[in-house]
Each structure stands twice: as structure tokens, then as C-alpha cells.
Amino acid sequence: MFTIVRDLIRYNIEFAVGLFILLLLIAAVVLSFFSPYPAADIYVVPPDLPPDAEFWLGTTSRGQDTFWQLMIGLRNTLGFGVGVAFLSRILSLVVGLTAGYAGGRTDRVLMAINDSVMVIPQFPILVLFYFVLKDDMNWLMLVLILSALGWAYDARLIRSIAMSLRTRPFTTQSVYSGMSMRKILVEEHLPYVMPVVFATTMNNMIWSIGMEITLSVLGFTDVDTPTMGQMIYWANSHSALISGIWWWVAAPVGAIVILFIGLFLLSMSMNEYIDPRSRLNRMGV
Amino acid sequence: MTAYLIFISRRFGQLLLVVFLGISATFFITHMTPVDPVAESITAITNFGKADPEAILLMRKTLTELYGLQGNLFEQYLQFWSRLARGDLGPSLSAFPTPVSQIILRALPWTVGLMISATLISFLLGNTLGALAGYYRNSRLLKLAGLALIGLQPIPYYILAFILLILFGYVWPVLPITGGYEMNADTSFSLTLVLDILRHSILPAMALVMVGAGSWLTGMRALTSNIVTEDYVTFAELGGVGSTRILRSYVVRNALVPQLTGLAMSLGAIFNGTVITEIVFGYPGIGSLLISAVHAGDYSLVLGLASLSIVGVAIAVFLIDILSPLLDPRMKAE
Amino acid sequence: MPTAVLQTPPAPAAAEPVLVVDRLRAYYRTHAFGLDRDIRAVDDISLTVAPGEVYGIAGESSSGKTTLIKTIVGAIRPPLAVVGGSVRFRFGGEIRDIYALTPAELQTIRWRHLSCILQGSMNVLNPVRQIRHSFQDFAFPHMGLKPAAFWQAVRAHLARLDLDPAVLDSYPHQLSGGMRQRTTIALATVCTPEFIVADEPTTALDVIVQRDVLTMLRDIQRRLGSSFLFVTHDMSVHATVSDRVGIVYAGRLVEEAETPTLFRGALHPYTQHLVASLPRIGDTTRRASLPGRPPSLADPPSGCRFHPRCPLAMDVCREKVPALVEAAPRHRVACFAVSGAPS
Amino acid sequence: MRLWRQLLAGAALAVLAATAQAQDISNLPRKETVIIENPEGTIKNPGWFNIWVNGGGGVSTGLQQLAMDTLWYIDPDQGINGAWYNSLAAEKPIYNADFTEMTVKLRKGMFWSDGVEFTADDLVYTVQTQIDHPGMVWSSLLAVSVDSVKATDPYTVVFKLKKPNSRFHALFTVRWNAIWVMPKHVFEKVDDPLKYDFANPVSISAYTLKNYDPQGKWYIWEKRPDWQRTPLGLIGEPGPKYAAYVDGGPPDKKTIAQLKHELDIIHDNTPEGMFTLVDQSKSLATWFKGFPYAHPDPTLPAVIFNTQKAPFDNADVRWALALLIDIKAVDLASYRGAATLSAIGVPPTGVAMPTYQAPMHEWLKSFELDTGKEKIKPYDPMIPTEIADTLRKQPKFKDQIPTDPAAIASQFGYGWWKPDPKAAADLLEKAGFKKVGGEWKLPDGQPFRIRLTVEGDTRSVFTRAGTLIAQQWKQAGIDAKAQPTTNPWQPMQAGDFDAAIAWSVETWGGDADMSFFLDSWHSSFVAKPGDVQPARNWQRWSSPELDKIIEGIRGISFDDPKGVDYGLEYLKLVVKEMPTIPMMSYNVFTSMDTTYWTGYPTFPDDPYTDPVPNWGNSRLMMIKLKPAQP
């Protein structure tokens, strides 16, 4: 494992950069626990200061240190995205592979559920949930709701791949060689869908974090948990874009972009490594 | 062939089931909202003007009857379905007594027009670049293009839209920043109107494409990079088949099935509208209609819009299911 | 076209060779993912193939056969790299150095002059398109015929191979393994190329089907008079198909002779083993199986790569690499036990 | 692939075609058009002009400002011919002795835009039709008070009232809006006025509808050729030939639009948006020339307690919470200092300044509060001055902050409560609270939990104020948290809240009469816990003293000077009881662009009306606006 990582770093620039970014983010998360100010408190520093030696990313119009806000916001947003992605990936893998492999009635039942979830229009539902839950509409709740909404689409994608995999000879072989369904799915099919899962993870995180931001911008989230969305919400409600407090907007946006480019590079290099048909694994001359 | 017909009819049954489940779920969640349409309506009436408490209590009574909100949830649920069965979405509560359908149909064409073109453009752009990037793995240019799109994709849509608005509306004011056509425009069909509408749709569409193309690109790239290692691609290369032909008929053609599923989905999903686009660019559409309906506790309008998008997505899924066996012959109709 | 085929006479063995492989070296160079090494898959191999000749290549799996072919047909993708040597074909009288050609030139040669039949016929045909498209893509550009004439030729060709033209309209997954392989062969031969490379064309087919395919190959080869480079680990197949056989062990050519010679009087211990392991009627003695396993190509044994498993191994075998020398006319072997230790 | 190349090419062409075009936002002659933001945004049911039915059509789309009219107007500021002026009425209302009958004399020679004359029949029809159709907007208001209405001659209408009501005329007196008169000759032709959309509305005011966006984003009104035959026309000739009311979009966008001179009047903005305009626009007009620029509406943002819910039923607790607020910080956080403070229950604007704020100022200085341990003087008259000084330190505002005490008072308010944690603690202990480990516990040992409901993005300044107040309470050891909701009126009506930032006090602005809001504070209107509370007594607070005051006001006529004395009584009472914590006037950041029009209302030069353009009263601007370019 260690050698793999070492050589990945040494020989795969994408991985190196991606890993570096990831480490930065982890550092930020760790750092966030040492913030000198309580996350939600305002007017703890003079407002509207541009970036300088003391306040690296300046201060917001709410008298908060943009840097520390960013660190804490990154922590929450990252946790948020990962949480949603993780939970929903599991759901979609289980449903997608099973349905695609088993076919027949199982497939129909699973897809009926899948499609029902898929067709429910997410945005109004989220807004409605906000109204219903009000004070309870906290960070964790949102993670759960979004995971519950965000798996169906990818489950279908995975299913369609699993369906074509099933017609491959190696599947038939493994069936005749008496492998259990679980074993076939996990050992034979999983590696094939992994690259797609990685791609969907990215998109899922973009989707969930984007959702969080959209809801925040419209004021449908818990203002006491600083996230990227909350930063943008406050910046926006203080007209930061036009009143020249650019750093207040630039910080979260920059952070998000870097975060996703990092994720993308990682998933790219990971595909190379995991994809069973990438030249490397076929090198058994 | 008959097997295929059976398959279709079975899937159609599933379609109906899904629509039923989806709409029912939405119905009950919608009615969980604490927002009370009557109270909303009263607020709208009395918030600024003279308000006599006695009168307001009277108003509550009459409006509740008028809006047909008496009766428990289940009764309302049955009533809802019996109306829907007759294709009637009922009157909007926040725009009483105007029929929901009339309100939706007014805004719908705009959403559909903008979203379909934006979706198609980003699909083609993203997949083309994705396929090329997956096939010509070490092309610097493609890597850059890819990174650019992937870098744009996570930018919060609101911010991206606003930056575009500032750039093309203020810094370099070449494009209109608001509305679907200019104010006081003559809405009878004419070339000027078409150009005007086109012109107003550029910024919103641009923003949608910028954030939309990236995910297609990543998906397609992943699929392609798998397919290029397939034997039939190697064989075709040995067979001296031209690389564009290989890319189109072998690589893309095989990657297309999952991607088309995605396309159908996003086309089905366009009925969700694009709230932020509509807010930022003041573009007409059903997105902001939905938000205001939710705020106003206008169940019937929310349900009308929700049902629309539910049916839209469900049909998209249905179509892709019955078509995919034709796209990928290996999939037996199941 | 068909007439042309019929007129092509079997080429005399003495004629100019159609393929000359000279001191070919091809390594997998990998610097990533925890592996950082050269895999010497093809190590200093020289051979020639005469027109109309079927040259068989035998050897255990992962002995470098497939790589050798890839290198010869110029299907070289990183991490595979040609380190040294040359591959020259002789098409229509002119010599073509496969590594000196531009991609464009290479494309014009493929299928017209040089075509191949790959192992694992399951996935060699585009699964989502009917087989006619494959013919269209592969053959049409190389035959320079009007569409009508082209399809007529294709049908005629299929008919000659007892293939129902209906296969054109079916998808690969609708055909049986045998059918698919025969179709692939039809596809590989439709342009009547001078040189055809076949890599394990009959593996993964059941015995009966195997026979049809082999007869089909043989007979088409006769008719076209093309040269074959025929790769399989199955000696019995070589016995029936190949004119000459080269034995590859761990990336090197260890013995080469005409088929009868090889089966009657194999000189290299490894070849002897391969031949001996063939079943013969009436023979009841247990087959002595070879100890050990094929060496890793990443760090092959010093000296003669076979020595760890060789019953006749001498000290010299551990230090020096035996050269491939002509032990008898048209019979080359690389073994100190045969050629004697160098002084 | 070929396809998307074509698409791209198409897009490119489109861009060219687009850029080739001129960049007008409309094809109207810009110099003759005033473009005004309608805060209602996009209208859900644009074709609905029946303002007497809440049908999802817009109200402040220009409809109520430029096409509707009624008997009287009271201007939130000075007005052109006085704050209170007769519109369709020829004179002020005439009541009988016991206020059970009101007679109205109407103007002669007023015409609907379709040439029909306005007469008593229209007024009678307006009242009768709404009483007969309970679904209509003012139906219940009229039903509960009107016994009968009849026209004694074409220009005289007599209302017989069900019970004495000295303020009945208020229903027909515009403060933001009022009961607009209906065109009898149009409505009598339709079978159900509830279902009638009133397309192509006939107008009784100086403008008529020219065109509107079927998507509900803009409405264009055109000056009537016979504008003289309307009440507005009598005041003077309207300047703009066209008036367009448009959906302004998000604050940043409005600001950009005004910098591009595509939006003449912005209804409201973020403070920062306003500062940006002040900073960058060379053609800006604002209510106050300098800081705080905004117009103080006669509306009083306050911390409204749910006084039916323990412990907020206890005046000491409410006072304690008031003394834990550092209003300076709140002011700077919410309005960035651009607010007019008020310690008392009346908006610091219009006539209230001389009539109530100034006299109360003196009284407050000597006001004493008993914390249970000591008597303190909580009032701090210096706070506005201190805020002014703080702001003066910021370079970009430096020369815009007045130094003259009178100016400071009118722009920043007279004073507010001095933060006094000690006194607050005393009061809480007096109420039986205990502080355990820095956390305040209720008498029953439960933690003291407050959820402060604030309005989400729509009124961001309130959200800001709420967040900071919650934080200040939190720092004092209370489990306080701001809770944004998109519509605070919801929970307040349902009584489902602890405290909220909203308003329960709205005044005429231009008139000292308190009954406009105070009447609804009568104990008889306070709903039982759990029931829906009708506007506006959201705090659900009542007291015998207050009832006495209210009944007193009911007993005197609207122009009786005793009204002011009652008003002062009320103010002193709510200071003692603190049912809500008044904070500041509702400052509306209305900004006006002088590129195409001049003559906007400004203070102190010409405060003739409230520039906030969704007010029915803002129609006076049309008279004063003059083209800035030949």
C-alpha cells in the first residue's frame, strides 16, 4: 500500500497534485478546531478589512475573520459533501448492481422504488422539508435528506453497466464456477463500475454542495452552521459582490473550486489504478 | 417482438405506479407544511392596510370555505386525485380563482425552451470533450479544456451567473441582463422578437452550460477510458480503421447508452425549472413560480408543478428503458 | 476478385522471405503504481517467414508469444516499447520496415497486406453494431471497390467459407463462439492479404469447432497462398497446421525447425518436453511433467533462461546465454547441451 | 460532433446578432418614461387587475398608485397641500354626534378613463358589492361596521354604522392603501365579481394601463389625455408620459441597473447596495442627502415577544432582555448605522418626531426602573451622538454625518436604553431566574431558551439585527438563537414563537392619530393561546390601562387634540411594560436616479411624500417629477 502511494506520488502528477490539495483541506479542517473566534459570533473584528498580514483573507462586513470562517466553513461543507456522497453511493451501488445483475422481478421492484425516488422533484421537497422541520433543519438532517434523494439516478447508471456486464463471458464463467452472487458482484462487477462510481461521487458532491449553497442563498438553511453556502449567503445579503468586499466571495468560491479540482484529479488517477483493464493490470505478458 | 411488447406494457405499468407513488408522496409532504394559505392570503391583504381584528376573523372563515380547505387530509387527497383524473389541477390558492394549469402554462414554454437548449448544448459539449479526452489521453489541450470545465462546474451557480451578469451587462454591456424580451416588446411573432428572445436567452443559457457541461465531461471521460482498452478497439486499430471512425462508431457508440440515460433524465428534470437563473436574470419560468407557491402555501400550485416534473422524469425514464435494448443489442428486453 | 484468388499459386519455399524479423527486442517499461522495471517480453528474436508458409510459434502462456505478435504487427502502445531490432515485410516486391512507416502508410498496409485474427473472439467485434459494419470499416477502404461490387465480393467470400451471408445482419452476441471466430477469419481474409497473423485462433473453442476452424484456416491459406504467423500453445494444433515451428521460452526463441523435424527430432530439452507431453495412441507411460514454472520476465534467470527447470543444466548454462545456432539445415537451436559449451 | 459544431456556430451568430442590436431596455421614449421598481417582483397572475379580490395579480404594479383612487389620503410626510388631503371626497368626513353615521361629500367632474363620470353610485356599489361577496378583500372590514349605505344625491353618500366608530373614514383613507372605489358601470355587467379579472382596468386616476408583461415582470402606464378630470390631476400635471413598474431582481442587480440608468427608482436595497450607489453614482437622489440616506417609514421594527408564553409574560424578563441589547452594535450590524433609533412605541418619523418623540425624550431622561435591588435610569440620550461619532470616523462617510444635535436627532433618533447587564441580572433574579455556571435557568430549573424569529433573505437587515441580538443574549448566558424564516407573520399569527423581529406598530406618519394600529391592540381582540391572532397585536399583550386608552380614543373624533394626550399615555405605558422592544424606524433604502427625472422628495428641502414607490401615496411624485433632459 505504502509503496503504491509513494509511486503514485512519484510517477502520477495528477495524483500528487490531488493528494496535495486533499492534505491542504485536511489541514484546514484540523486548523478549524483552533479558530480563535466562536464560529457563529459576529463583530469580533473590525469589518470590511481587505486581506493583509493580520487578516490573511480580510474580514467580512459582519466583523468576522474571513480566513477562520473559511476554515470552519470548509470543515462543515466537506463533511457535508462526503457524508451525502458516501451514504448515497452505498445505496446506489447496492441497488444498481443487484438490480442489474438479478434482473427479472427483483430488478422491477428495485427500479420501481428507484424511479419513484428519482421522479420526486428534489428542490420543492427540500424547501418544503425546511418549512416542516424549521429549527430541526440542521446540517445533519440535510445530509440525510440529500442522501435519501441523491442515490437513485446513479443507481440507474450503475444498473445499466451491470446489465451489460452480466452478458460478458466472465460473468457466465464465474456463475458456472459456482460463485455466490455477492462474490460476483463485489469481486467481478464492482471493479468495472468503480471508475463510474468515482465520477458520480464527484458529481454527487457537486450536486449536494451546490444544493446546500442554493438553499443557503435562498435562506433555507441553518444560519448558525457556517458552510460555504452560509458564507455566500451572508456575503450576498451584504452585497459583497458590488460593494467591493470581493474577498468575502472569492474565498469560498476559490476554496470550492480547488476542492473539486483536487477531487477530480484524485478520481482520475484512481481510475488508472483501479480499472481492471487499464494497461497496468494487463501487463501479465 | 411480442416479448418486447410485453416488456413495454410491463414497463408502462411501472411508469403509472411510479407516477402515482411520486405524486402521492409529494401530496403528503406538501400538506405537512405549516404554511397556511388562508393566513398567507390574509397577510397579503392586511399587512399594509387597515386591519380590523374582528373583520380578519370573519375573513378567515370565508376564505377557508372559498378555497375548499375544509375536510381532513385524506378527504382532500381523494378529492385531489378525482380532480386530477379529470385532468383538472384545481384553482390556485394564492391566485384564486385562476386555474393552476393556466398559471403554469403561461411560464412553462420559457423554462422548456431555455432548459432544453441549454441541456442539449452542455450534453454535446461535455460528451464530445469527454470522449476526446478519454481517447486521446495525453493531449495537453484536452486536459486543459477538461480542467477548465471541471473548474467552472463547482462554482456556485448564483455567483457564476452574477459574474456573467456584471461582465456582459455592466463592464462590457452587450447583453440584456433581465427578462425574456425587452420591455413593452410587441409579442406577436416576428424576426425581431425571435432575435430579441434569443438575445435575452444568451446569458442564462451560457451560465447553465458552463456549470452543466463539466459533469457530462467527467462521466464520458471515465466511460471512454474504459472502452478504449476493449479488444474490439484494439482489433479495429489493427484493422487500420481510421481513428475518428473508431472514436465515433466504436468508443462513443458504446459509451452512449449510459450517457443517453443521463440525458433523458436531465431532459425530464427540466420541469424543476431553474430558480436561480430566473432570480438572477429575471428570466420567466416555473422555478420562481414554485418558490412563491411554496411560500404562499399554495398546495395546488406546488402539486401542479411537482406533478408536471414527476410525469416528465417518469416518462424520460420509461423511454430510456424501452429504448436502451435498441441502443445496446446485448441488453435483452427485461 | 474470386478468380484472382483461385489463380494465386502456392509460393515456392525458396522465394524471398515475406517477413524478416531481425534481433527484435521489445520490453514493457513501467514506471508507476509500485512497479518500476523492464519486462523483457521479446528478447533478441530473429526469424523469417517465406511466402505461402505457415510459421507456428509455440510456448507456454506468458512466454512472450502475444507480445511478439503485437510487436510484429506494430500494435505498440506504452508501456510496451521496441528497444532494438527491426521487422521488415515484403509486400508486392517492396520492403516495408514496419517501424519506419508513418501511421498513414501503416494504415494502408493493414488488412490489404497484413491482417490478423485475435484471441478471444468474444470481444473483438463491436458489440453494438451489426457485423456488416465491421466489414464496411475494415475491408471497404482497402479494396477500392464500388459498394455494390464490394458487398458482392464479401458475400462470395462468405459463401466460399460456407458462411451464411445472414451473419452480416446479426450482432456478435447472437453468434456462437465458433461462428464468431469463423466470421472473424472471414473478415481477416476478405482482402486476400499476403500475411496473416493468427493469435490463438482456436483457443476457447470446443474440439469439434476447433477442427472446423483449423481446416477452414488451412484451406483458405492454400487458396490465398498467404503466409501465416500462427501462434498457439497447443502443439497438436501446430502439428496439423504449421509448416515450420519456432519455440519461444521466456521471451527468447529457443528452437526452430520444420514441423516434422521438430516433432521427430526435437533438440532442445524444453521442446522435447513439449513434444513428449503430446498424447499418442497406444502410449500408456506417465508424462513426466516439467518441474518449476515459467520464469518472471521482470528478472529472468541468468544465462540460459531455462536452466532452473532444465534436466541437462550445466554450470555454463547459469553464466552464459546460448546463441541460436544452426544445428542442422533449417533447424536452429539455442542450447549448450546441443551445440556444446563455448571454449 | 458535427452537430455540436453547428450549434456552437449558431450560438456565435446569435451573439453577433445580439450585440449588433441597440441596448435599450424598452422601446419606450426613455426621456418620457420613469422606470420604478415594484417590490412585488414577478407577478404570479399578471392578467389579474381586480384589486378587490386577492387573485395573485399585483397591487403595487402601478395599479394602486396610478389607476386607483378613493376618498382621502394621509401622507406619511408633508404632502403637497398638507399631509391629509381630499381625493375623491370634496371635504373631510362628517360624523354625527355618536359616530354612528358618516356622510361623504364627493367631488364633481371626476371621470373614469372610459369617459363615464364618477358618482355616489360607484361608492355605494363599492361598499354594497363587497359586503355581498364575502370573498372580496375589504368585504369583512365593511361587513362588520356598515349597517347600510345610500346615496342621498349623486355627490353625497351616507353610511349608517352598526356601532359607534369615530375612525370609520380610515377605511377610505390611503396609508399605503385603502378601500379603492369600483367602477359600477364595469362590474355590474359581470355576473361574478369574484371571478372577474378586470382586464384593461378602467382608471379613475391620471394614468391608464398601456401594456403589461404576460410574464408579470413589467407594467406600463400612460398619462391620460384627460388627466385634469382626475383627483391627481387637480393637484397638478403629471410629468412622466409613461410610468413603468418593473421587477427589480436581487439587490445587487437593481444597483447595477440604476448605475446603468435603467432603473430610476429602487424601492429598497441593502445598506451596502445604497452605499455603493452613493459612492459610484453621479446622478443619485436620496431622502436624506447624507447618511443614513434611507426613508424612515412610519413602521416600527421591534423585538416582539409572545407575551402569552412564559417567561415572556413577565415585564421584568422583557425589560432584562431589553437591557442586554447593545443597540449601537445592533444598529451598526443591521443598518450599518443608517437607522433612526426609537426607544418608544411610535416610529421616529413624520409628525411623530415633534408630537411624541421630542416630549417623550424629556420624560424618558427622568424615567426610573425598579430592578428589585435598586432604581436605575435606563435611558441614554447620548447613544445617537455616539453612533454619529463612530460613523464620522469612517472616511467614506466623514463629511456626511451631521454635528448639529437637531439633525442628529432627526436622522439617528433621540436616544435608547443603555446596556446594563447588572440591572438585567437583577431583574431576572427578581423574576425567579437563577444563573448556574454562567447559564440562566428558569425558576423551574429549565434553561432559558429563546428562539428569535427573523425574516430570511427578504429583509436581510432584520436578520442581521436578530442574529446580533441573539448573540448578545447568548453572551449573557441565555440559550438564544436567531431563526430565519421566509415569513415571520406565519408563526406570529399562530402564536408559535418566542420572540420575533417584526413590527406591530404602524402609524399614519403624517397624522398623530394612533388608532390606525392601536385599536387592534384592544384586549377583546387577543386570541387564546394556540388560536390565530389577527393583526396587529402579535405580542398578544393587553392591559386594562391600555384598553382604557383605546376606548378613550374611540370616543373622540380623529382631529381632537386629546388624541395626542392619549398617545403619550400609551407610550408611557408600553415603556413601563415593554411588551415589545422598539428599536428603530423601518429605514427603506430608496434611491432615485436623476439622469432622466428630477423633483424627487427629499428631506429637509422638499419632503412632500414618501418616495418608497409601492405606497399608494407615492403617486404625488408624478406631479413633482420634471424631465432632466430637454
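In this predicted model, 24 residues of chain D are in contact with 16 residues of chain A, where contact requires that the C-beta atoms of two residues, placed from the backbone, lie within 7 Å. S23(D) gives the most, with five residues. These elements are DSSP runs numbered from the N terminus (helices: H or I, at least four residues; strands: E, at least two). By residue class, the side of chain D that touches chain A holds eight nonpolar, 11 polar and five charged residues; here Ala, Val, Leu, Ile, Met, Phe, Trp, Tyr, Cys and Pro count as nonpolar, Asp, Glu, Lys and Arg as charged, and the others, Gly among them, as polar.

Turning to chain B, the contact takes 64 residues from chain D and 65 residues from chain B. Elements of chain D that each supply at least two residues here include helix H1 (2-20), helix H4 (139-145), strand S10 (218-223), strand S11 (242-246), H7 and helix H16 (489-494). H1(D) provides the largest share, eight residues. The side of chain D that touches chain B comprises 34 nonpolar, 21 polar and nine charged residues. Among the five pairs of chains that touch, chains B and D have the most contacts. Chains C and D, by contrast, do not touch, and their nearest C-alpha atoms are 19 Å apart.

Residues are numbered from 1 along each chain as its sequence is written, and chains are lettered from A and ligands numbered from 1 in the order in which they are written. Local features need pLDDT of at least 70 and side-chain atom pairs count only at pLDDT 80 or more, whereas totals for chains, interfaces and linings use all residues.
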